[in-house]
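Work through the exercises below with the model open. Each task is followed by a stepwise solution.

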Amino acid sequence: MSSLKVYNSLTRQKEIFTSLVPGYVGMYVCGPTVSGESHLGHARPYITFDVVYRYLQYLGYKIRYVRNITDAGHFEEEGREAEDKISKKAVIEKLEPMELVQKYTNLFHWAMEQFNTIAPSIEPTATGHIVEQIVMIEKIIEDGYAYVANGSVYFDVEKYNTDFAKKGMPYGLLSGRVLDDQLDTTRELDNQEEKKNKSDFALWKNAPPEHIMRWKSPWGEGFPGWHIECSAMSTKYLGEEFDIHGGGMDLVFPHHECEIAQSAVCNHKRMARYWLHNNMITINGRKMGKSYNNVIRLSEMFSGSHPILEQPYSPMTIRFFILQSHYRSTLDFGNEALQSAEKGLKRLWEAYEALQKFRVTDTAFNEENLDRELDDKVQKLLAEFDTFMNDDFNTAKVLASMFELVPVINSIKDKHITAGALTSSTFTLLQQKMKTFVEDIFGLKSELQGDYSKLEGVIQVLIELRKQAKAKKDYVTSDAIRKQLLPLGIALKDEKDGNISYSLTS
RNA sequence: GGUCCUGUGACCGAGUGGCUAGGUAGAGCUCUGCAAAAGCUUCCACAGCGGUUCGAAUCCGCUCGGGACCUCCA
């Protein structure tokens with residue numbers, strides 16, 4: 001079998017993945033800032049890395065997946081006073097900062113559950129690791145790569161760049177930036193006069209009196225800078241050097257660049273070996289984001305309550321939609337695209353469920369029925385699942401292969417293909433492999449909720465009545481039963497063999 | 001302005017220089033009391049202009065268009 005290759009942002013090429021410790025993988029993914037409700041854009045990284053996580057498990061790795069919750073307020077510079085955005089909003093909403101943070105954390109967890117993502121192994125919060133961050137900052141100061149100014153601490157980017165460039169780790173390595181080119185392009189920021197250079201970034205910010213979120217530190221009361229939490233928590237839970245660091249492409253600079261610098265000073269290591277970045281979801285070609293005023297919250301997606309939405313879109317539809325593209329490409333949102341995804345998923349899922357219901361004995365395999373060509377084709381398509389996933393997690397191609405199997409499955413079900421056209425081993429492999437990839441790796445699931453056992457009994461009664469009506473050629477009655485069930489989400493289908501099957505939609 | 005990415009058929013989207021991915025929609029057919037579903041068949045592409053090559057959607061150059069980052073950001 002081919003080995004896993006991943007695109008490493010650091011080297012800008014695909015590399016064969018090997019873990020630092022054989023059999024084990026450490027993965028850190030930048031989590032959400034819980035100062036507001038999650039939007040469609042958030043779905044991309046967490047679904048992408050959920051699949052990465054699941055696939056690595058499939059490959060047999062024992063993996064520790066760390067994803068932080070940023071619940072300590074970072075400061076904003078909207079041309080005004082530096083302000084904790086979390087505490088700012090809390091005042092408006094008359095909520096305690098932690099109450100607000102808890103609310104949005106809960107909403108985030110709810111959305112992630114809807115998407116059927118597996119919870120990370122550790123989900124550390126920034127506020128729960130203030131001590132670790134302070135310790136790290138102290139170390140950076142000791143080593144001479146940070147300085148204190150008016151109760152704030154800044155990272156000395158110039159000095160870092162000068163010293164670490166010699167070690168092959170200049171500042172800007174990940175994002176492809178050259179520090180000297182940057183000096184003029186940095187925008188005017190608050191408290192700029194405190195910094196030695198514009199490119200320096202805050203490790204610790206002095207809290208103004210009105211600031212609600214604040215902690216005691218050697219430099220006075222304040223709060224941590226934007227980047228230090230990830231360095232501190234990744235070191236704590238994954239070690240000084242670990243395998244994978246993931247996040248959205250918009251975090252490459254400055255966030256990840258700063259993480260690398262902080263960790264390099266403290267640990268003298270290169271932090272993460274593979275940097276994986278997902279691309280953005282766009283809407284009308286534009287990134288979804290607060291600043292563009294085009295945010296669709298996940299709760300709005302699920303309920304269809306946003307003016308731009310023609311209908312609600314279920315979590316699985318969105319998950320499938322995301323899986324249909326490659327994670328490093330932009331993905332353009334649109335009603336038409338989502339509706340296509342919804343229908344495609346339905347077709348795939350129904351074929352999948354039908355497949356799982358088969359017993360191998362149903363196929364009645366024997367030499368006469370064997371269709372060698374078809375058998376080879378199925379085997380080839382199944383083998384491609386692994387090949388494509390190994391090629392930087394190309395879920396789009398795997399889905400394409402799955403859709404080539406759908407007509408085969410449906411043809412067996414509808415008896416267009418002779419039972420037993422496939423060898424029983426191929427058929428078993430088809431069932432197993434589809435189950436593994438559809439459910440275990442892609443994380444797709446049925447969206448029917450609750451207990452349908454009673455309803456199923458009721459439907460069987462109606463089906464029986466309809467059968468009797470049909471036998472008497474009483475089509476008025478039989479059509480009425482079918483027609484009235486449809487708006488209730490129960491679709492009856494007359495099968496070839498005279499049976500009536502049904503499918504439920506939520 | 002700097003750095004980088006990108007432009008594929010009605011829409012979304014994959015794509016290793018040679019084998020017209022796939023999904024949805026459209027058209028036709030089969031099955032069917034009708035319907036739905038399913039199956040089969042089918043139409044519609046590689047922004048433009050040059051270049052390299054036996055051969056380019058894929059490599060190179062230019063032009064035009066879109067986007068990301070340089071500020072919190074998934």
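**Exercise 1: Contacts to the RNA**

Step 1. Start at the base: one of its oxygens in RNA strand B is 2.6 Å from a side-chain N or O atom of Arg482.

Step 2. Turn to the phosphates: a phosphate oxygen of RNA strand B lies 2.9 Å from a polar side-chain atom of Ser329, and a phosphate oxygen is 3.2 Å from a side-chain N or O atom of Asn394.

A note on the source: this is a predicted model, in which local features need pLDDT of at least 70 and side-chain atom pairs count only at pLDDT 80 or more, while totals for chains, interfaces and linings use all residues. Residues are numbered from 1 along each chain as its sequence is written, chains are lettered from A and ligands numbered from 1 in the order in which they are written, and side-chain values use heavy atoms, without hydrogens and water.

**Exercise 2: A helix and its surroundings**

Decide why helix H10 is described as largely enclosed.

Step 1. Locate H10 at residues 315–323 (helices are DSSP runs of H or I, at least four residues, numbered from the N terminus).

Step 2. Check burial (under 20% relative accessible area, 1.4 Å probe, protein chains only): the buried residues include Arg319, Phe320 and Phe321.

Step 3. Conclude: nine of the nine residues are buried, so the rest of the structure largely encloses H10.

Notes. Polar contact = N/O pair within 3.5 Å; in protein donor to acceptor, adjacent residues only side chain to side chain. Buried < 20%, exposed > 50% of the residue type's maximum accessible area, 1.4 Å probe, protein only. Helix = DSSP H or I, 4+ residues; strand = E, 2+ residues; numbered from the N terminus.
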